[in-house]
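Please look through the structure shown here, with attention to its charged side-chain pairs and to one of its sheets.

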Amino acid sequence: MATAELTHEVQVHEEHEHEHHELGFIRKYVFSEDHKTIAKQYLISGILWAFIGGLLSMLFRLQLGFPNMKLEWLRPLLGGWIEEGGKLDPQFYLALVTMHGTIMVFFVLTAGLSGTFSNFLIPLQVGARDMASGFLNMLSYWFFFVSSVIMFGSLFVETGPAGGGWVVYPPLSALPQAADGSKLGLTLWLVSMALFIVSQLLGGINYVTTIINLRTRGMSFTKLPLTIWAFMFTAILGILSFPVLFSAVLLLFFDRTFGTSFYLSEIYVNGEALPNVGGSAILYQHLFWFLGHPEVYIVLLPALGITSEVIATNARKPIFGYRAMIGSLMGITLLAFIVWAHHMFVTGMNPFLGSVFMFLTLIIAVPSAVKAFNYITTLWRGNIVFTPAMLFSIGLVSFFISGGLTGIILGNSALDIQLHDTYFVVAHFHLVMGSASFFGLMAGVYHWFPKMFGRMMDEKLGYVHFWITFVGIYLIFFPMHYIGIAGFPRRYYSFTAYDATNSFGDMNMFISVAAMITFGAQILFAWNFFYSMFRGRKAPQNPWHSNTLEWTAPIHPEHGNWPGEIPPAYRWPYDYSKPGAKEDFIPQNVPYSATPESNLPHENEQIAMEKEIEGMIDSQNETYKH
Amino acid sequence: MVYIVGLLAVVFLVLTIVVLSRIATLAKGVDGNKRDNENPYEKRAAGTSNRINAVLMLAFPILGTIAAVWSFMESRPKFLPEAASEHGILTDNMFWISMAVITIAFVVTNALLFYFAYRYRYKPGRNAVFYPVNHKLEIIWTVIPAVVMAVLVFTGWRVWRDITAQAPDNSYVIEVVGKQFNWVTRYAGADDSKLGNYNFKLIDETNELGIDYADQAAFDDFTSNQLHIPKGVPVLLKIRAKDVLHSVFIPHLRVKMDAVPGMPTKFWFVATKTTEEMRNETGNPDFNYQLNCTEVCGQGHFSMKMPIVIEEEEEYKAWVASQKPFLTSNPTYLSRVPENLKARAMKYIESAASDSTSVATGGATATGTSLK
């Protein structure tokens with residue numbers, strides 16, 4: 001009786017809340033505290049940033065692929081950055097590669113990927129009404145937004161945006177007199193990054209708190225979808241490493257503004273010896289890469305999580321080695337913190353330290369290999385449906401393998417001597433981190449678009465988008481390894497001055513053409529995305545016959561996600577093609593008592609637990625009482 | 001090349017037509033507001049698109065392998081020739097062995113990935129196999145990469161340890177200094193084999209390296225815009241930077257080390273081929289070794305290079321002997337020499353030069369002394 005009353009009360013409470021929550025346009029779409037809206041804000045910002053970042057890369061690919069081309073036709077866009085003779089300004093070239101890196105790594109693959117899917121999926125998949133703190137979540141987006149505006153604004157500064165590479169190593173970045181790219185543009189870069197870090201921390205704390213505290217009844221950690229595990233480790237990585245970047249940025253700001261000497265020592269520039277002594281340029285690199293390396297996994301882990309979910313769903317098979325997948329995520333997370341100095345083998349760092357970091361770096365190949373093997377085994381004897389999301393996930397696994405393997409070479413300090421800062425590195429990380437994460441993002445968008453907007457994206461356009469992008473990315477980055485093996489350094493404006501390897505002109509042209517086609521194909525995606533948002537076919541309740549909880553929510557979930565009770569979780573999310581089952585999927589909220597025909601022996605024992613899980617409903621509802 | 005471009009053109013033409021027709025259908029809004037129920041998951045999965053994607057999953061790795069092999073053969077002549085340093089031969093070997101290992105892994109895993117994708121494409125009525133875990137398999141493929149990694153780490157570590165070990169005592173020491181946007185070298189001179197001290201506060205327009213003439217070892221030091229390296233003997237590069245980070249990269253010698261302001265770095269090696277030998281080997285009479293910058297240092301980064309001459313030890317010695325010490329070319333710096341060492345320093349002031357500039361030099365000396 002008491003339970004019934006309580007449930008009734010809750011419902012009244014909810015209805016009451018609904019009236020209460022008739023929000024105006026601004027609170028609903030702009031300063032929204034709803035995790036789904038915030039996720040969409042992140043996604044659309046991320047897509048816009050991706051096009052800006054991609055466009056910048058087109059500009060420098062023009063320069064690299066067609067070094068003799070007259071670029072006057074770009075003057076309406078770039079103005080004075082095209083020099084008198086129709087050439088791209090070398091200073092601006094550096095700004096282009098710097099901003100391309102910064103935008104893609106932080107604004108697209110960190111904010112756009114984690115920001116979108118952690119926000120969107122965590123409450124829906126763990127069975128929560130929203131994030132632990134909707135307000136902090138909103139703040140997180142708006143800090144990101146302000147940071148974006150500042151970074152975007154820096155593109156239009158007279159002396160140009162930051163231009164020391166996305167790592168902005170001092171002393172170059174600390175000395176405005178050393179390069180135009182270290183002037184106002186870099187100050188804005190630092191301010192923007194500081195705000196960005198604040199945004200990431202607010203988001204990350206929220207993600208972890210929500211996963212730990214707001215799981216629905218029955219959703220034990222071992223029943224969490226791998227997406228959630230991945231988002232949690234991503235957030236932990238961010239929480240522990242972003243503050244270190246913050247301090248690096250802050251100290252750099254002090255060196256630039258207040259004349260401190262954290263990174264500066266014994267410098268003679270522009271005709272004068274600077275008074276700074278005692279600082280260490282290498283210190284910055286340690287601080288930067290203490291974030292910089294985990295950052296690689298911050299962008300990659302969510303992609304791997306999404307892939308796990310998409311591959312299992314569309315292969316109609318449980319993910320192979322669920323626990324090994326969690327274990328390898330955990331292993332990667334731990335190791336991610338102790339490999340940073342492999343970016344610094346030839347900086348003059350103590351060679352013994354180099355040996356240690358080589359050892360730790362190559363260990364990380366083991367959990368990564370386990371992940372790849374598990375994905376492949378998940379496909380084995382599956383019943384594979386090639387949705388666009390599935391295609392992008394398979395593409396991701398291929399990039400993850402291809403790009404990851406060259407990491408074994410670069411992680412070897414003796415081999416890194418030659419390859420460090422060459423195109424081999426560029427090819428390596430664009431495959432394993434850039435493209436793989438980007439494919440994770442795409443897989444996620446295609447897969448959860450119906451949940452986000454209640455409509456379907458066009459599949460055939462999705463196929464064309466996938467195949468051009470997939471083939472295109474290999475055409476860009478596979479040959480790039482050759483250029484690296486031939487010893488071409490990265491961040492070079494032109495190779496005509498580089499006699500030793502003044503070759504590969506054709507290859508660079510080929511890469512540039514492939515890059516342009518690949519970039520062009522993204523317009524298909526943009527069209528498909530925005531068109532389908534308004535005019536796409538309406539989505540069914542569970543378009544991919546998936547097991548996770550988000551598909552039990554209404555097609556257009558309101559604030560609070562489920563109109564009635566939040567569904568419980570009785571089983572893990574990967575009961576696909578279970579022998580004896582009527583259908584080839586059994587959602588997480590279906591109790592074992594309802595599926596006696598397909599239960600495994602140890603699962604029959606779990607039936608006794610169901611009462612207990614149901615009994616938790618009161619305390620769960622209690623959580624949401626304000 | 002022409003054929004490839006042609007083929008690509010055809011492929012893209014077809015794709016364009018597909019896309020345009022698709023967009024046209026969509027734009028008509030034919031199925032715009034219908035719910036997707038009439039086209040459920042299984043039905044779509046059993047459609048033609050699924051088969052086409054499956055076939056492409058098979059075609060991609062096959063065509064990809066052909067393209068990869070062809071492009072590799074095509075690019076190979078443009079790779080750097082065999083290393084011209086002792087350690088470079090070791091790292092080159094290790095590079096190609098590691099490359100072989102990862103190529104095997106690359107081919108096997110990608111082949112399985114794409115083959116499975118093709119082979120297990122959706123078939124109506126077939127059930128996927130419920131196969132959630134197999135500990136034995138997992139242990140096998142944890143242990144195998146672990147063992148391979150252990151071997152690679154161990155061999156890599158041994159080479160790395162040798163490369164970064166202390167330079168032998170008999171090494172020729174050469175200082176390489178990076179600045180925006182060129183390199184300057186300094187040699188110990190013919191009389192002693194010691195580089196003199198430096199101090200960044202002594203740097204000026206002429207004395208770019210801040211050579212400290214309070215140290216008598218500096219008197220015979222000379223600077224150059226070239227890097228001369230004797231073959232077959234250990235050479236220790238002492239590397240530093242004047243303004244921002246730079247990085248010494250000598251591709252043919254497989255040498256790379258950052259130049260860091262305020263933190264001297266070093267790299268030692270033994271060159272094995274003279275410039276002349278390399279010219280014969282590559283068949284290029286204009287071949288020159290070159291030192292390049294690989295740490296972004298500003299606008300002129302890409303053009304920051306220095307020619308290198310590798311020669312027999314005798315030739316190297318002769319070249320060193322033929323160079324004028326910096327002090328000889330710039331006698332005004334005599335004023336920086338402390339009184340007690342002045343007599344020694346005078347040896348490097350050419351008599352002709354000292355005659356004509358003795359007054360000026362003397363004056364400068366007096367000021368220098370009085371300032372002290």
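In this predicted model, Asp584(A) has a relative accessible area of 15%, and because buried means under 20%, this residue counts as buried. Its side chain meets that of Arg316(A) in a salt bridge, with 2.9 Å from N to O, and Arg316(A) is likewise buried, at 0% relative accessibility. Since Asp584(A) lies in the loop between helix H17 (505-535) and helix H18 (601-615) of chain A, and Arg316(A) in the loop between helix H9 (281-315) and helix H10 (322-336), the pair ties together parts that are 268 residues apart in sequence.

Another salt bridge of chain A joins Glu597(A) to Lys582(A), with the closest N and O atoms 3.7 Å apart. Here Glu597(A) is partly exposed at 36% relative accessibility, whereas Lys582(A), at 76%, is exposed. A network of salt bridges also links Arg571(A), Asp575(A), Lys578(A) and Glu603(A).

In chain B, Glu175(B) and Arg240(B) form a salt bridge in which the closest N and O atoms are 2.6 Å apart; the former belongs to strand S1 (residues 172-179) and the latter to strand S5 (residues 234-241), 65 residues apart. Both Glu175(B) and Arg240(B) are buried.

Chain B also holds an open sheet of 5 strands with mixed pairing, in the order S4-S10-S9-S6-S7. Strands S4 (227-230) and S7 (255-259) of chain B stand at its edges with a single partner strand each, so one side of each is left without a neighbour in the sheet. Within this sheet, strands S9 (residues 289-293) and S10 (residues 305-311) of chain B run antiparallel and are joined by 4 bridges, and Leu291(B) stands opposite Met306(B) in S10(B). Helix H7 (residues 313-322) of chain B packs on the sheet, where it touches S4 and S10.

Technical notes. Residues numbered from 1 in each chain as written. Chains lettered and ligands numbered in written order. Predicted model: local features only at pLDDT ≥ 70, side-chain atom pairs only at ≥ 80, totals over all residues. Heavy atoms only, no water. Pairing = 2+ DSSP bridges. Helix = DSSP H or I, 4+ residues; strand = E, 2+ residues; numbered from the N terminus. Contact = heavy atoms within 4.5 Å. Axes fitted to C-alpha atoms, helices over the stretch in contact; angles between N-to-C directions. Salt bridge = Lys/Arg side-chain N within 4 Å of Asp/Glu carboxyl O. Buried < 20%, exposed > 50% of the residue type's maximum accessible area, 1.4 Å probe, protein only.
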